[in-house]
Amino acid sequence: MKNQLTETPIWKLLESHFQSMKNTTIKSLFSDDATRAERFRIEDLGIYFDYSKHRVNAETLSLLCRLAKESGLGEKIEAMFTGEKINITENRAVLHTALRAPSGTTILADGVNVVPEVHEVLERMAGFSNAIRSGEWKGYTGKSIRNIVNIGIGGSDLGPVMAYEALKFYSLRNLTFRFVSNIDGSDFAEAVKDLQADETLFIISSKTFTTLETMTNARTARTWLLDQLVSDEAIARHFVAVSTNEKEVSGFGIDTCNMFGFRDWVGGRYSMDSAIGLSTMIAIGPDHFHDMLDGFHQMDMHFRNTPIERNIPVIMALLGIWYIDFFGAQTQAILPYDNYLRRFPAYLQQLTMESNGKHVTLDGETTGYPTGSVYWGEPGTNGQHSFYQMIHQGTLLIPCDFFGFRTSLNPLPLHQDYLMANMIAQGEALAFGKTAEDVGKEGVPENLIPHKVFEGNRPSSTFFMEKLTPANLGKMVAMYEHAVFTQGAIWRINPFDQMGVELGKVLAMKIIPELQDNRKWLDHDNSTNNLIKYYRG
């Protein structure tokens with residue numbers, strides 16, 4: 001294998017260091033260092049990032065930071081920000097950071113400054129959003145739009161629905177928002193069940209306007225609308241497109257003046273702050289949307305300009321590599337203690353797992369070492385009464401990211417104190433546990449003591465901010481975007497393609513006509529043939 005990462009001197013040093021650290025406890029690290037919590041934290045951009053409850057010491061962090069430097073992270077960051085075609089499998093630049101660059105910035109792709117075009121799209125989005133929000137935009141029968149249905153899948157759905165749920169507090173409440181992604185007919189049917197066509201706007205989000213799931217749902221929406229409004233002329237008043245395929249958009253019946261595009265240097269899972277965020281802008285308004293973009297940009301600049309040792313996304317990424325490649329951890333729990341963030345873990349699943357779920361390096365060689373992690377989670381305190389049992393006393397090592405806010409958006413008496421007390425307590429319990437001696441002192445019967453022991457030594461990070469705002473949401477998303485990039489840079493993989501999603505889709509196109517025609521000859525494996533026959537009936 002070419003330039004195998006695990007054969008580098010720094011990796012060998014980390015392997016040796018791991019042997020000295022693998023049995024070290026978080027409790028002992030705190031006992032040996034009274035100022036550990038002050039030294040293993042970063043405060044910047046209004047974020048309090050505590051990573052002291054990890055199985056690392058100063059030498060661990062020094063070696064991991066050296067790994068990042070020797071992997072050329074600094075040069076790779078600059079290559080991304082300056083428009084080099086670092087997505088080598090698709091020969092594309094990676095410029096989602098340009099989506100939130102301030103007006104007047106110069107960022108070149110193929111020699112052209114892309115920032116003016118980004119802001120031209122944002123201005124058009126703002127004009128359209130304001131027309132919907134004010135009631136100026138009328139449907140085919142002259143009624144104002146009251147319902148917005150976003151139809152997309154993957155990044156064209158997960159970003160908008162996560163952002164809407166996260167920022168619902170800031171949304172215009174006389175508008176109803178629904179999101180359709182699944183090709184399962186139940187998803188569409190339930191989304192429109194209580195809606196009237198003459199008050200409903202569909203946003204069809206598909207860059208190519210050919211995505212099977214999205215366009216199947218779009219055509220169903222078209223039929224649903226025309227069943228009520230009859231005339232094809234209604235389409236232009238009730239459908240807009242987020243796409244770059246003008247021919248297909250026009251053929252569908254959508255006025256191309258109401259088509260909002262973005263370039264191929266924006267990957268789907270990095271697109272929530274592009275035109276894909278049109279539903280978000282309609283919900284929260286252009287000003288709040290620009291606040292969110294500013295939060296993204298602040299984290300972009302922190303990532304680009306802050307030394308590795310104090311760089312929040314880099315430290316997050318390095319801790320992930322430490323657990324994945326040395327401790328053998330396979331999952332990462334995302335635990336936001338704010339109910340508005342209930343879709344945040346699902347959003348991160350695509351961002352992280354579609355990006356770094358790769359086994360082939362940039363050189364086309366098999367990695368030979370683990371990459372990526374399974375991301376999952378639920379809001380606290382719900383998760384505490386569900387899967388936290390496994391995190392505390394199970395046999396798997398599951399690093400956790402906790403998110404909390406000092407100020408609630410809905411300050412009911414006692415609620416926020418109880419919520420934050422639980423979040424802080426969980427991190428303490430995971431790190432320090434409870435010994436058999438502690439349990440025995442509580443008068444617990446001897447036969448029950450082993451069941452009530454908490455080993456502790458379970459790592460976690462805690463992120464505190466003042467409150468959940470559009471800007472802070474932007475910072476949080478960008479933080480993970482750049483952590484993903486950092487890991488990809490070190491693992492020598494491409495975080496910006498997703499070829500693993502293609503094979504199943506190609507095979508599905510072959511199977512669709514076989515399900516619809518019992519006469520078609522089947523030449524799959526025995527199991528697949530029998531499944532098709534069972535469906536046929």
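The structure is a predicted model, in which local features need pLDDT of at least 70 and side-chain atom pairs count only at pLDDT 80 or more, while totals for chains, interfaces and linings use all residues. Residues are numbered from 1 along each chain as its sequence is written, and side-chain values use heavy atoms, with hydrogens and water left out.

**Parallel sheet**

- An open sheet of 5 strands has the order 6-5-7-8-9, with parallel pairing; strands are DSSP runs of E with at least two residues, helices are runs of H or I with at least four, and both are numbered from the N terminus.
- Two strands pair if DSSP finds at least two bridges between them.
- Strand 6 (176-180) and strand 9 (259-260) are the edge strands, each pairing on one side only.
- Strand 5 (residues 147-151) runs parallel to strand 6 and is joined to strand 6 by 5 bridges.
- Val149 stands opposite Arg178 of strand 6.
- Helix 7 (residues 155-166) packs on this sheet and touches strand 5, strand 6 and strand 7 (200-205), its direction making about 150° with that of strand 6; contact means heavy atoms within 4.5 Å.
- Helix 8 (residues 185-192) also packs on the sheet, where it touches strand 6 and strand 7, and its direction makes about 170° with that of strand 6.
- Axes are lines fitted to C-alpha atoms, for helices over the stretch in contact, and angles run from 0 to 180 degrees between N-to-C directions.

- The order 1-2-13-12-10-11 describes an open sheet of 6 strands with mixed pairing.
- Its edge strands, each pairing on one side only, are strand 1 (41-44) and strand 11 (374-376).
- On average, neighbouring strands of this sheet are turned by 15° against each other, direction ignored.
- Strand 12 (residues 400-405) and strand 13 (residues 460-465) run parallel and are joined by 6 bridges.
- Ser460 in strand 13 is the bridge partner of Cys400.
- Helix 14 (residues 312-327) lies across strand 1, strand 2 (47-50) and strand 13, at about 25° to strand 2.

**Partly exposed residues**

- Leu212 is found in helix 9 (residues 212-229) and is partly exposed, with a relative accessible area of 33%; partly exposed lies between buried (under 20%) and exposed (over 50%), with a 1.4 Å probe and protein chains only.
- Gly142 is found in the loop between helix 6 (115-134) and strand 5, and is partly exposed at a relative accessible area of 42%.
- Gly142 and Asp198 are 56 residues apart in sequence and 8.2 Å apart in space, C-alpha to C-alpha.
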